[in-house]
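Have the chain open beside you as you go.

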Amino acid sequence: MNFEEFKNCGLRRSLDILSGKWKPLILQNLFEEEQVRFVELWRKMPRVSKKVLSEQLKQMEENQMIQRIEVYNFPPEVYYKLTDRARKLGPILDQLHEWGNELDS
């Protein structure tokens, strides 16, 4: 495979979308709950700043992995939930989880 083929490779594009220190944990939390408020998600994630979490969520939204839902209450609330596109990753992420656990044994 040359560089041009690699540049257009589906695996490379997929890994670009999923790469990021916090994206797998964000996905895991969103698979566990239908939708999650920003602050709830931030509290579940150890040692991530609100700025970095916000950046990762924005990238995931741009890649159509999550949907941002604004509720205009007082105070305003922001929720995040997985898109159908991201839900297709469920079985793949489960397999990666199992594969990773096997590395320890």
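**Exercise 1.** In this predicted model, work out how Glu55 and Lys51 are placed along helix H5.

*Solution.* Start with the helix: H5 covers residues 50–62, and Glu55 and Lys51 are four residues apart in it, so about one helical turn separates them. Next, look at the side chains, which meet in a salt bridge at 3.5 Å, N to O. Finally, check accessibility: Lys51 is exposed at 61%, whereas Glu55 is partly exposed at 38%.

**Exercise 2.** Find out which parts of the chain the salt bridge of Lys44 and Glu33 links.

*Solution.* First, take the distance: the side chains of Lys44 and Glu33 form a salt bridge of 2.1 Å, N to O. The pair joins distant parts of the chain, with Lys44 in helix H4 (residues 38–44) and Glu33 in the loop between helix H3 (23–32) and strand E1 (36–37), eleven residues apart. Then compare each value with the limits: Lys44, at 36% relative accessible area, and Glu33, at 30%, fall between 20% and 50%, so they count as partly exposed.

**Exercise 3.** Decide whether Thr83 is buried or exposed, and list what Thr83 touches.

*Solution.* Begin with the location: Thr83 sits in the loop between strand E3 (77–82) and helix H6 (84–87). The relative accessible area of Thr83 is 18%, and the cut-off for buried is under 20%, so Thr83 is buried. Leaving aside residues up to four places away in sequence, Thr83 touches Gln64, Met65, Ile66 and Gln67.

How values were computed: Residues numbered from 1 in each chain as written. Predicted model: local features only at pLDDT ≥ 70, side-chain atom pairs only at ≥ 80, totals over all residues. Heavy atoms only, no water. Helix = DSSP H or I, 4+ residues; strand = E, 2+ residues; numbered from the N terminus. Buried < 20%, exposed > 50% of the residue type's maximum accessible area, 1.4 Å probe, protein only. Contact = heavy atoms within 4.5 Å. Salt bridge = Lys/Arg side-chain N within 4 Å of Asp/Glu carboxyl O.
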